[in-house]
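Here's a quick briefing to read with the model open beside you. Take it one topic at a time.

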Amino acid sequence: MAGAPVTVNSMSAKALETHDGLFFKQTRRGWFQECFGCEAKTEFDIATIENKEHNVFYAIEDTDCCIRCICGPCRPFEMNLHEQNGDGPLMARFYRPLRCAAAPCKCCCFQELQVRDAQGNEAGATVETCYNCVPQYNILRPDGSVEYKLSQPTCCGGCCVNICAEGICNCRIPFYILAPEAGTGGKPTGRIVKVWSGLTNELFTDADHFEVAFPEGAGAESKARMVGALFLLNQLHFERSQAAHQHSDGGYEALHD
């Protein structure tokens with residue numbers, strides 16, 4: 001896999017093994033900057049599903065102001081994942097190289113987020129695939145084989161997003177984690193779901209909340225890859241350009257609105 005890596009500390013990453021799911025709370029870091037059209041660093045407090053007020057991990061973007069202002073949601077970035085509240089051990093670094101914006105029918109320059117362990121060994125990636133209507137991604141093992149597929153639930157033969165898959169009028173926007181052999185309508189083994197974060201956050205900030213349910217039996221490195229997948233999805237589909245106040249993927253914007 002080309003480009004800079006996501007680095008995973010194989011010892012610290014084991015902290016992920018004890019959690020079947022996590023709750024990601026994007027903060028309002030830099031909200032004053034956003035009022036003047038400047039992108040702030042992405043920051044997450046990460047709690048357990050059982051106790052959403054008890055933070056167990058922390059993630060912060062490492063980019064400079066110029067990159068955030070010029071490239072907006074399409075920017076390359078690094079994310080640092082720590083235990084506890086940022087003072088704990090570094091668990092992982094996630095890197096997203098600069099690529100063409102996510103779009104259907106692409107044949108190259110796919111969006112990706114890469115992974116490597118602390119020794120520099122490849123530990124996988126999340127990569128955009130060629131799709132027609134509904135965005136799809138592959139979560140890859142270090143050898144490049146597909147570990148999971150990632151897609152929104154579909155209907156109409158895979159041509160449309162099934163907006164009722166998580167219920168009606170509950171503001172849940174899911175991406176399903178599927179077995180490699182499953183189609184987009186297959187039974188999910190896990191899920192990444194954008195959930196309602198409150199009226200103020202939804203209207204005036206990019207501070208989104210996500211629930212992640214890991215597939216049964218997933219190990220620490222596999223869960224680290226899925227955490228990276230969430231960071232990529234957030235940047236592609238939920239981070240708005242402050243100038244246009246819209247999502248980077250026009251097709252998904254209609255669903256979110």
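Which residue forms a salt bridge with Arg-75? Glu-61 does, and the closest N and O atoms of the two are 2.7 Å apart. A salt bridge here is a side-chain nitrogen of Lys or Arg within 4 Å of a carboxyl oxygen of Asp or Glu.

Before the details, keep in mind that this is a predicted model: local features need pLDDT of at least 70, side-chain atom pairs count only at pLDDT 80 or more, and totals for chains, interfaces and linings use all residues. Residues are numbered from 1 along each chain as its sequence is written, and side-chain values use heavy atoms, with hydrogens and water left out.

**Salt bridges**

- Searching the whole structure turns up 10 salt bridges.
- Glu-61 sits in strand E4 (residues 55–61) and Arg-75 in the loop between helix H2 (65–71) and E5, so their pair ties together parts that are 14 residues apart in sequence. Helices (H or I, at least four residues) and strands (E, at least two) are DSSP runs, numbered from the N terminus.
- Glu-61 counts as buried at 2% relative accessibility, and Arg-75 is buried too, at 0%. Buried means under 20% relative accessible area, exposed means over 50%, and partly exposed is in between (1.4 Å probe, protein chains only).
- Glu-147 and Arg-225 also meet through their side chains, at 3.0 Å from N to O. This pair links distant parts of the chain, with Glu-147 in strand E10 (residues 146–151) and Arg-225 in helix H4 (residues 220–238), 78 residues apart. Both Glu-147 and Arg-225 are buried.
- Glu-166 bridges to Arg-172, with the closest N and O atoms 3.2 Å apart. Salt bridges that share partners join Lys-52, Glu-166, Arg-172, Arg-191 and Glu-211 into one network.
- Glu-166 is buried at 15% relative accessible area, while Arg-172 is partly exposed at 25%.

**A buried lysine without a bridge**

- Lys-25 lies in strand E2 (residues 21–26).
- Lys-25 is buried but has no salt bridge: the nearest side chain of opposite charge, Glu-53, is 4.8 Å away. For charges, Lys and Arg count as positive and Asp and Glu as negative, while His and the chain ends are not counted.
- Among the residues that Lys-25 touches are Phe-44, Lys-52 and His-209, leaving aside residues up to four places away in sequence. Contact means heavy atoms within 4.5 Å.

**Strands E5 and E6**

- Strands E5 (residues 77–83) and E6 run antiparallel, joined by 6 bridges. Two strands pair if DSSP finds at least two bridges between them.
- Phe-77 stands opposite Arg-96 in E6.
- The E5 and E6 hairpin has 6 residues between the strands, and Gln-84 takes a positive phi near 60 degrees there.
- In strand E6 (residues 90–96), 5 of the 7 residues are buried, so the strand is largely enclosed by the rest of the structure.

**Rings**

- Phe-24, Phe-44, Phe-94, Phe-210, Phe-231 and Phe-238 form one aromatic cluster.
- There are 6 aromatic pairs in the structure. Rings of Phe, Tyr and Trp (its six-membered ring) pair if their centres lie within 6.5 Å; planes under 30 degrees apart count as stacked, over 60 as edge-to-face and the rest as tilted.
- Lys-52 has its charged end over the ring of Phe-23, 4.7 Å from the ring's centre. That label needs NZ of Lys or CZ of Arg within 6 Å of the ring centre and within 35 degrees of the ring normal.
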